[in-house]
Amino acid sequence: MQLANKLVIAISSRALFDLRESHQVFEEQGLEAFSSHQVERENEVLPKGDAFPLVKKFLQINKRLEGEPRVEVILLSRNSADTGLRVFNSIEHYGLNITRAAFCNGESPYRYIAPFGCDLFLSSDGRDVRHALEQGVAAATLVAGGSRQREDDTLRFAFDGDAVLFSDEAEQIFKRQGLEAFTASERASAQQPLGGGPFKGFLEALQRLQAEFDADNCPIRTALVTARSAPAHERVIRTLRAWNIRLDESVFLGGLPKGEFLRAFGADVFFDDQPNHCASAAEHVATGHVPHGIANEEPS
């Protein structure tokens with residue numbers, strides 16, 4: 001069975017499950033102690049991790065479509081297959097239909113993202129996420145926080161704009177020249193579409209999946225939640241129109257904190273490039289940091 005016609009999410013074991021206890025053993029006592037810890041507890045079910053609710057909703061979409069499954073979750077892990085048995089036992093316990101995995105025994109699993117044809121990679125390891133972004137795959141580091149999700153079957157994705165859905169060309173002007181120069185530039189470039197950011201392809205894949213449902217019965221909703229405001233909104237709207245992409249909701253906050261708005265939307269996950277915005281948002285919803293663009297460049 002080929003994965004070409006599926007929407008594929010790759011996820012690390014530490015994002016899917018709460019592995020803080022065993023990871024602490026690894027950090028403090030080393031690989032051998034970690035392996036013994038996992039093997040001794042391989043029949044103990046792991047607690048749910050930050051991405052668990054998102055993954056569960058994502059897999060439920062297959063139950064609403066006829067024919068072959070349209071979405072798939074693949075596990076990518078630094079564990080060995082031996083220590084990964086506890087992970088698979090936990091997957092079976094929770095009834096998650098995850099059957100494909102790569103266990104890399106301490107090495108980074110990011111090199112398997114492209115062969116699996118992944119549209120999105122979620123991990124707790126920032127290095128792996130950066131490697132995935134370099135491969136052209138939408139990727140984010142999950143930020144630990146007090147995330148809460150609505151108890152329904154609708155999967156809600158929220159995205160920041162610049163450096164996430166769009167390139168960071170406008171954000172570079174803002175960072176280097178200030179708000180006044182940014183506003184003037186965006187007004188002058190209102191008719192010129194922005195370049196695509198690392199999550200453009202994932203949003204396009206989501207929209208194709210949405211198109212398989214009736215508009216009033218779609219289990220996926222998308223939202224743009226951006227610090228932009230008028231007049232900088234026009235270029236965003238025209239860019240999405242040029243891409244032929246429709247978002248269900250767009251919120252232009254003009255610099256207001258995003259957390260309460262994300263909670264009102266009921267986001268299952270929010271993607272943003274700026275660490276401070278991610279830390280704030282993670283108090284309200286599951287949040288993925290996208291280490292891309294000028295906000296994540298090392299100071300020279």
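## Helix α4 and its surroundings

The buried residues of α4 are Phe-52, Leu-54, Val-55, Lys-57, Phe-58 and Leu-59, where buried means under 20% relative accessible area, exposed means over 50%, and partly exposed lies in between (1.4 Å probe, protein chains only). These buried residues pack against β1 (7-12), α1 (13-16), β2 (71-77), β4, β6 and β9 (269-272). Contact here means heavy atoms within 4.5 Å. Helices (H or I, at least four residues) and strands (E, at least two) are DSSP runs, numbered from the N terminus.

## Basis of the description

This is a predicted model, in which local features need pLDDT of at least 70 and side-chain atom pairs count only at pLDDT 80 or more, while totals for chains, interfaces and linings use all residues. Residues are numbered from 1 along each chain as its sequence is written, and side-chain values use heavy atoms, with hydrogens and water left out.

## Two domains

The chain is divided into domain 1 (7-142) and domain 2 (155-289); the bounds come from an automatic or database domain assignment. The C-alpha centres of the two domains lie 27 Å apart. Their contact takes 19 residues from domain 1 and 20 residues from domain 2.

The area buried between domain 1 and domain 2 is about 1,800 Å², and carbon and sulfur atoms give 71% of this area. Buried area is the accessible area (1.4 Å probe) that two parts lose on being put together, summed over both.

## Links across the interface

Two salt bridges are counted between domain 1 and domain 2, a salt bridge being a side-chain nitrogen of Lys or Arg within 4 Å of a carboxyl oxygen of Asp or Glu. Asp-268 forms a salt bridge with Lys-57, with the closest N and O atoms 3.0 Å apart. Lys-57 is also one of the buried residues of α4.

On the side of domain 1 that touches domain 2, α4 (52-60), β4 (120-123) and β5 (138-143) each supply at least two residues. The largest share, five residues, comes from β5. By class, this side of domain 1 has 13 nonpolar, one polar and five charged residues. In this classification Ala, Val, Leu, Ile, Met, Phe, Trp, Tyr, Cys and Pro count as nonpolar, Asp, Glu, Lys and Arg as charged, and the others, Gly among them, as polar.

## Salt bridges in the chain

Side chains of opposite charge can pair when their charged atoms come close. The salt-bridge rule gives a count of 22. One of these joins the side chains of Arg-127 and Asp-125 at 2.9 Å, N to O. Arg-127 is exposed, with a relative accessible area of 55%, whereas Asp-125 is buried at 11%. Another salt bridge pairs Arg-246 with Asp-248, the closest N and O atoms being 2.7 Å apart. Arg-246 is partly exposed at 45% relative accessible area, and Asp-248 counts as partly exposed at 24%.

Asp-162 forms a salt bridge with Arg-228, with 2.9 Å between the closest N and O atoms. This pair links distant parts of the chain: Asp-162 stands in the loop between β6 and α7, and Arg-228 in the loop between β7 and α10, 66 residues apart. Asp-162 is buried, with a relative accessible area of 7%, and Arg-228 counts as buried at 4%. Salt bridges that share partners join Asp-162, Glu-169, Glu-186, Arg-228 and Arg-235 into one network.

## Backbone features in loops

The peptide bond from Ala-230 to Pro-231 is cis, with omega near 5°. Pro-231 lies in the loop between β7 (220-226) and α10 (233-243).

Ala-163 has a positive phi, near 75°, in a residue other than glycine. Its place is the loop between β6 (155-159) and α7 (169-177), and Ala-163 counts as buried at 0% relative accessibility. Asn-244, although not a glycine, has a positive phi of about 60°. Asn-244 is found in the loop between α10 and β8 (249-252) and is exposed, with a relative accessible area of 62%.
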